[in-house]
Amino acid sequence: MSQLNSHLDNIPSTPGKFKLEKSQPYIHRLRFHTSLSKLTLWSSFFLVFILFYYVLSSPSPSLPSRRSLNDSWGGPSWEKRVTRSAQRRSSHELTVLVTGAAGFVGTHVSIALKRRGDGVLGLDNFNHYYEPRLKRDRQKLLERNGVFVVEGDINDSSLLKKLFDVVAFSHIMHLAAQAGVRYAMQNPGSYVHSNIAGFVNILEVCKSVNPQPAIVWASSSSVYGLNSKVPFSEKDRTDQPASLYAATKKAGEEIAHTYNHIYGLSITGLRFFTVYGPWGRPDMAYFFFTKDILKGKPITIFEAPDRGSVARDFTYIDDVVKGCVAALDTAKKSTGSGGKKKGPAQLRIFNLGNTSPVPVSELVNILEKLLKVKAKRKVLPMPRNGDVKFTHANISLAHKELKYKPGTDLETGLKKFVRWYLSYYPGSGKKSSW
């Protein structure tokens, strides 16, 4: 990973009813709690049902068409590139299909796997959620490291089946998703299309191939929603999503349970906590704060309704990559064959965070120091747009099972990000205003 660090730095029926009976207070409470449990269970089922209905009944705007993506794959030359990219250094290594490979986390994970000898094939639809140039430059970086990225959509069953015809993948690293909390208010259909329909399509194909691959996929810390217990533990309730994005990721976790239970797919979910670093996403605060500070534009810092600090468990990309790779390495084989379950299969969920929340205001302080530019701050109440006041990961389970141990503090990670940013956007620097 040290080589990777150096290289990249530079470049979630009717509920039961009960009657109030004064003579039976104990039975009363029992029935009440039973009713609540049923309500929570059926609420989850109802959520998934509604989201599926939305998939079937709504178009998905701003997404690339299947036909245009199909035009970019197939043929002997294409198959040769796919095979070469997925070739392992030895029979002991993994053969991994990474979806969302041209994304932030996908790029870093793909390179880490390839460099240690795994066979890696990428898949990405290169949508325009944020600047396409950044994704294309990540693609070039991947190509220089021997990773071919197939341009296609995870909802394209024909493409997925073709990839499995060409390569017998041992693992799937499913990172493709519609990201962002606030954007869901503008384009809700894209979240259902990618995060639910797309995930189901991946699972449908995986359940039918032989042998079935083990699947590791990106859930999100957003599933904790309005949970006020900290730090967030994998055993905590996740039935109060604060955004559509969170709801689709929670639905994904329930869907994963279903496919594991029925078809014997080995599935591991990873709840990422505010990942940052070089080659990051422009829609993330640390990224656009850097951009606006350098341009002398005001930045908006939100405060909680009680005027408290909004804090995030910022997690550096290299630490997250180690967690992803460890999840792949410890994933047990799926137990199904030809769409039929042969025995119990592994089902896991882990938090991947830094377990050290930092107020957003302190993030800005660090950026000011590194950029040597004073930020023009505008403090406003936090709007009701899906954001939550804080995130804080309990990583004890990941530490125990994956040996996950994040080692990058925020200032160190931001220093590496700023170095990359100034290199990638030459001329973006500004004379010190201190």
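Where does Thr-274 lie in the chain? Thr-274 is placed in the loop between S6 and strand S7 (275-276), strands being DSSP runs of type E with at least two residues and helices runs of type H or I with at least four, both numbered from the N terminus. The structure is a predicted model, in which local features need pLDDT of at least 70 and side-chain atom pairs count only at pLDDT 80 or more, while totals for chains, interfaces and linings use all residues. Residues are numbered from 1 along each chain as its sequence is written, and side-chain values use heavy atoms, with hydrogens and water left out.

Strands of a sheet pair through backbone hydrogen bonds, either parallel or antiparallel. In this model, seven strands make up an open sheet with parallel pairing, in the order S3-S2-S1-S4-S5-S6-S13, where two strands are taken to pair if DSSP finds at least two bridges between them. Strand S3 (148-151) and strand S13 (347-352) are found at the edges, each with a single partner strand, so one side of each has no neighbour in the sheet. From one strand to the next, the twist averages 20 degrees. Within the sheet, strand S4 (residues 171-174) and strand S5 (residues 214-220) run parallel and are joined by four bridges, and His-174 stands opposite Trp-217 in S5.

Helix H5 (residues 104-115) lies across strand S1 (95-99), strand S2 (119-124), S4 and strand S6 (267-272), and runs at about 165 degrees to S1; such angles run from 0 to 180 degrees between N-to-C directions, with axes fitted to C-alpha atoms, for helices over the stretch in contact. Helix H7 (residues 157-166) also packs on the sheet, where it touches S1, S2, S3 and S4 and makes about 170 degrees with the direction of S2, contact meaning heavy atoms within 4.5 Å.

Aromatic rings were examined next. Rings of Phe, Tyr and Trp (its six-membered ring) pair if their centres lie within 6.5 Å, and planes under 30 degrees apart count as stacked, over 60 as edge-to-face and the rest as tilted; by this rule the count is 31 aromatic pairs. Tyr-129 and Tyr-183 form a tilted pair, with 5.0 Å centre to centre and 55 degrees between the planes. Because Tyr-129 lies in the loop between S2 and helix H6 (132-144) and Tyr-183 in the loop between S4 and helix H8 (188-208), this pair ties together parts that are 54 residues apart in sequence. Trp-420 and Tyr-425, by contrast, have ring centres 6.3 Å apart and planes at 85 degrees, so their pair is edge-to-face. Trp-420 is buried, with a relative accessible area of 0%, and Tyr-425 is buried at 15%, where buried means under 20% relative accessible area, exposed over 50% and partly exposed in between (1.4 Å probe, protein chains only).

Thr-391 lies in the loop between strand S15 (376-381) and helix H13 (396-402) and is buried, with a relative accessible area of 6%. The side chain of Thr-391 reaches the backbone nitrogen of Asp-313 at 3.0 Å, and the residues that Thr-391 touches, not counting those up to four places away in sequence, include Phe-273, Thr-274 and Pro-357. Thr-274 is itself buried, at 17% relative accessible area, and has a phi near 35 degrees, a positive value in a residue other than glycine.

How values were computed
A polar contact is a pair of N or O atoms within 3.5 Å; within protein, one must be able to donate a hydrogen and the other to accept it, and residues adjacent in sequence count only if both atoms are side-chain atoms.
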